Amino acid sequence: MTRARTYAVAEHSVGWIRRAAACAALSGATLLAHAATLSIELDGIEGPMKDAALAASGISQYANREVTAAQAHRLFERAPAQIARALEPYGYYSAKADGELKDTPQGWTAVLHVHPGDPVTVDEFEVRVPEPARDEKPVRKALATFAPKKGEPLNHVDYEKSKVALQVALLASGYLDAKIATHRVDVSRGDNKAALHLVWDVGVRYRYGATSFGGSQFEAGFLDRYLPWHEGDFYTQQQLLELQQKLIDADYFAVVEVQPDIEHAHDGVVPIAVTLGPAKRNVYTAGVFVDTDIGAGVRAGLTRRWVNMRGHKLKLETLLAQRMKSATATYSIPLPGANNRSYNFGLGYLDQDTDTTTSHTKSAVANETVQWLGFTRTLGLHLLTGDFTIKDPNGNRLLDERGDTTLVYPELVLERKRADDPLFVRDGYALTLTARAAPGLLSDTHFVQARADAKWIRGIGKRQRVILRGTLGATEVGAFDKLPPELRFFAGGDRSIRGYSFQTIGPHDARGLTIGGQDLAVASAEYEYYFTRNWGIATFVDAGDAFTGFGNFRTRIGTGVGVRWRSPVGMVRADLGVPVHDPDGQSGVQLHLVIGPDL
């Protein structure tokens, strides 16, 4: 009997469990059957406030997901309080939200209307930094731009950014122990007013201690010349960045890190640790190119980043093209310091054959390069010697004019360049001013020459660029026939007046030879439109002349269209240009192809 009762109870329990499981399964199926997608519509605020409200509300986490009716109602009921809290950092402490939860055939739609109300404004404003720290330029700027100020809405996002900016400015000015002593924001919800109290304890201003260079390949003391400070000067973050940029520009190192050694700072003195990693000592370059001015060719080069432990440099370059052959060797002695001085010595050879001239010259140069008033200034002495030929345009070699010359002259060059992106400039310019003169004492003739080249590039929107270019030159010379083609002015070609061949514009002699001029004036305007990131089209107008005496100036105009390609090896420009109303009746289409940087 006992076993039978036990069996009956067990059988009864199993039946009850089965019925309960069936009910649970049926209930789950019913809930799933009533689940629907949840969508959200929120209005009344825009921009960052709307993004913050959506991010803070739990209902947005279920957007476009299936929820049950109970879940939808629970999420909707919590949303107004969550949205109100999300708007407080923007100064809206009285924000409210209402709306309705709609059950539509497409699913649940939570419609939320946000009423931000009036923002809390700053009624009391105290941001205090003691002197002399507050007089430092970065600190003055951070204080001047601190937000919010008295009378402005209390925006906690701007407030935190301003607080960080002021702290960074103090650290950058040498106050490495600066900290906030008082930090209080009192908000009165009743009258929408706030009081800001922010006071800094800046401590002492640190000075530079010893600077150590780790990982350098040079002898001790060589890199000290790059330091823009002396030991004992006040520390500034700007000077650390200046040192880092100088070491990068020196082109000796693959790794450059400049950091204050905070761990060993004491008694208002902070050491500076510079970590370096040598770059490859030799840099080899080689490539093929096509240039319609000088034809197809190859170029090769070797740069020895440092020749010895004193940081001297050597650069060798050669170019072999259809109408030009050249070779140069330059030895440089850097003398780093406030103006980045460098002494340079060079040798060069040029063999050029254009439609109008041939030239075989050798040159030597010794110059000094320094940074001066924002320019790179190069002042040196040149020796140029060789022979040249002014060619008959009809190919009659008997009419060619041959000459030879030796010139010794000083030269001054000022260069300034700025570009937001060296590979594709959207905001930049280049300016080069050149002056040279030969007194005639050691030269076959005396001359004075000045030249200015300028180029300006500006992007319009995301797809357009405008490029303006201009060149002016003037020469006063004793015996023009002793001036080699390199020092005469010609126009025409890829970088001059397109629509004309290279160096075909200039004064003619009685035999019709293009002998070049003493003066030059060329201007260009170009418009580019890029229909993809790398491909674009261009249209241009170039105008000017090479001439002798302004009374002989005759405007030559070239215009046309082109294709632009931002290739992996640099900008490729292919232009088709034609002369417009040429004074000598020249016509025809010229192809101009250039590969290289914008500036």
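Two residues are taken to be in contact when heavy atoms of the two lie within 4.5 Å. On that criterion, and leaving aside residues up to four places away in sequence, Q503 touches Q352, T354, T356, T357, F490, A491, G492 and T514. The structure is a predicted model, in which local features need pLDDT of at least 70 and side-chain atom pairs count only at pLDDT 80 or more, whereas totals for chains, interfaces and linings use all residues. Residues are numbered from 1 along each chain as its sequence is written, and side-chain values rest on heavy atoms, with hydrogens and water left out.

Q503 is located in the loop between β21 (464-477) and β22, where strands (E, at least two residues) are DSSP runs numbered from the N terminus. With a relative accessible area of 15%, Q503 counts as buried, because that class comprises values under 20%, while exposed means over 50% and partly exposed lies in between (1.4 Å probe, protein chains only).

Strands β14 (residues 324-335) and β15 (residues 341-353) pair in the antiparallel sense over twelve bridges, pairing being assigned if DSSP finds at least two bridges between two strands. In this pairing L335 stands opposite R341 in β15, and the two strands form a hairpin with five residues between them, in whose turn N340 has a positive phi of about 50 degrees.

A nonpolar patch on the surface is formed by Y527, Y529, F531, W535, I537, V563 and W565, with about 630 Å² of accessible area together. Patches are made of residues with over 30% relative accessible area and no salt bridge, nonpolar side chains (Val, Leu, Ile, Met, Phe, Trp, Tyr) being joined within 5 Å and like charges within 9 Å. A salt bridge is a side-chain nitrogen of Lys or Arg within 4 Å of a carboxyl oxygen of Asp or Glu. At least two residues of the patch are supplied by each of β22 (519-530), β23 (535-547) and β24 (556-567).

Not counting residues up to four places away in sequence, V563 touches W535, G536, V572, R573, A574 and D575. The C-alpha atoms of V563 and D291 are separated by 15 Å, the two residues being 272 residues apart along the chain.

Methods. Areas by Shrake-Rupley, 256 points an atom, 1.4 Å probe, with all protein chains shown as cover. Helix = DSSP H or I, 4+ residues; strand = E, 2+ residues; numbered from the N terminus.
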